[in-house]
Number of protein chains: 2
Amino acid sequence: MSIASDLIRGHTDTIILARLINSDNYGYEINKSIQQRTNGKYELKEATLYTAFRRLEQSGCITSYWGDEQTGARRRYYSITDTGRDTYGTLITDWKAAKEMIDKLIETGEEDNGR
Amino acid sequence: MSIASDLIRGHTDTIILARLINSDNYGYEINKSIQQRTNGKYELKEATLYTAFRRLEQSGCITSYWGDEQTGARRRYYSITDTGRDTYGTLITDWKAAKEMIDKLIETGEEDNGR
DNA sequence: CAAGATACCTTGACAGGCGAGGTATCTTGT
DNA sequence: ACAAGATACCTCGCCTGTCAAGGTATCTTG
């Protein structure tokens, strides 16, 4: 629970799209790579993960196909679309803006005294 | 709407507490100061604002009292408690950690290759 | 006296996260 | 042969925070 999930809320889609920029991948593996990147401090809950896949597919950001594994559990691979890349770019820009904004808002300083 | 509210979600409490660290203040004015700090790019919706006040008061982070204005609309002032200051500190720490984590997760790089 | 600003509040809907539960396959140990 | 665990997918229903829409009351200005 270390990190409040509300702080991550709204980033789920961005996180997933980022994992698909370089190559197609499947859900289980995507989540593993997220855990690795955060040294186990964070993982998407399965329900969250698969909900996000549906959402992203519905909005045309990703497409999916079944892998042709001859052995082991079936895997549904996801592929990012051009729309998805555009969306990813927008989300990154939004994040940068939001980050700055939040930093400005949680400061205790009296005045911006801006300009 | 410029900034998706889901990106700010979970920061509302922190933002409000930050505005109360230096002095008591009332809702309307707090929201004004938020707009000023972001040059009009962001504001809390009233419903969100007052919901947050209830939440923070219930959890002992703030207390409230009616101002003694002789004229104009009544104002309910909010004051941060010691608990609130502690919580604020924790939230700031959480934010720093979350910020780093998100940055790490939305990068497109293949490997952390970290240490 | 209407309009707009100040200042507060509540209700109900909505969306995203997630706990809990489920399915099916393969591997390993006994 | 079979139980246990890992891999890999999925859905249902609840919870929580946000917010559109509506409301109240006061003061100022034209």
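**View 1. Surface near DNA strand D.** Helix 4 of chain B gives the most to the surface near DNA strand D, namely 6 residues. A residue is near a strand if its C-beta atom, placed from the backbone, lies within 6 Å of that strand. Helices (H or I, at least four residues) are DSSP runs, numbered from the N terminus. The model shown is predicted: local features need pLDDT of at least 70, side-chain atom pairs count only at pLDDT 80 or more, and totals for chains, interfaces and linings use all residues. Residues are numbered from 1 along each chain as its sequence is written, while chains are lettered from A and ligands numbered from 1 in the order in which they are written. DNA strand D is surrounded by 28 residues, and the closest are A:Y26, A:G27, A:Y28, B:S5 and B:A47. At least two residues each come from helix 3 (27-37) and helix 4 of chain A and from helix 4 of chain B. By class, this surface has 10 nonpolar, 9 polar and 9 charged residues. Ala, Val, Leu, Ile, Met, Phe, Trp, Tyr, Cys and Pro count as nonpolar, Asp, Glu, Lys and Arg as charged, and the others, Gly among them, as polar.

**View 2. Surface near DNA strand C.** Around DNA strand C there are 28 residues, and the closest are A:S5, A:A47, B:Y26, B:G27 and B:Y28. Helix 4 (46-58) of chain A, helix 3 (27-37) of chain B and helix 4 (46-58) of chain B each supply at least two residues of this surface. Helix 4 of chain A gives the most, with 6 residues. The surface near DNA strand C divides into 10 nonpolar, 9 polar and 9 charged residues.

**View 3. Contact between chain B and chain A.** In this contact, 34 residues of chain B meet 34 residues of chain A. Two residues are in contact if their C-beta atoms, placed from the backbone, lie within 7 Å. On the side of chain B that touches chain A, helix 1 (5-8), helix 2, helix 3 and helix 5 (82-106) of chain B each supply at least two residues. Helix 5 of chain B has the largest share, 11 residues. By class, that side of chain B has 17 nonpolar, 7 polar and 10 charged residues.

View 4. Helix 2 (residues 12-20) of chain A is largely enclosed by the rest of the structure, because 9 of its 9 residues are buried. A residue is buried if 20 or more other C-beta atoms lie within 10 Å of its own, exposed if 12 or fewer, and partly exposed in between, with C-beta atoms placed from the backbone. Among the buried residues of this helix are A:T12, A:D13 and A:L17. In the largest nonpolar core, which has 47 residues, A:L17 and B:L17 have the most contacts. A nonpolar core is a set of buried Ala, Val, Leu, Ile, Met, Phe, Trp, Tyr and Cys residues joined through C-beta atoms within 7 Å. Leaving aside neighbours within four places in sequence, A:L17 is in contact with A:C61, A:I80, A:G84, A:T87 and A:Y88.

View 5. A:N39 lies in the loop between helix 3 and helix 4 of chain A. Its phi is near 50 degrees, a positive value in a residue other than glycine. A:N39 is exposed, with 11 other C-beta atoms within 10 Å. B:N39 is in the loop between helix 3 and helix 4 of chain B, and phi of B:N39 is near 50 degrees. B:N39 is exposed, with 12 other C-beta atoms within 10 Å.
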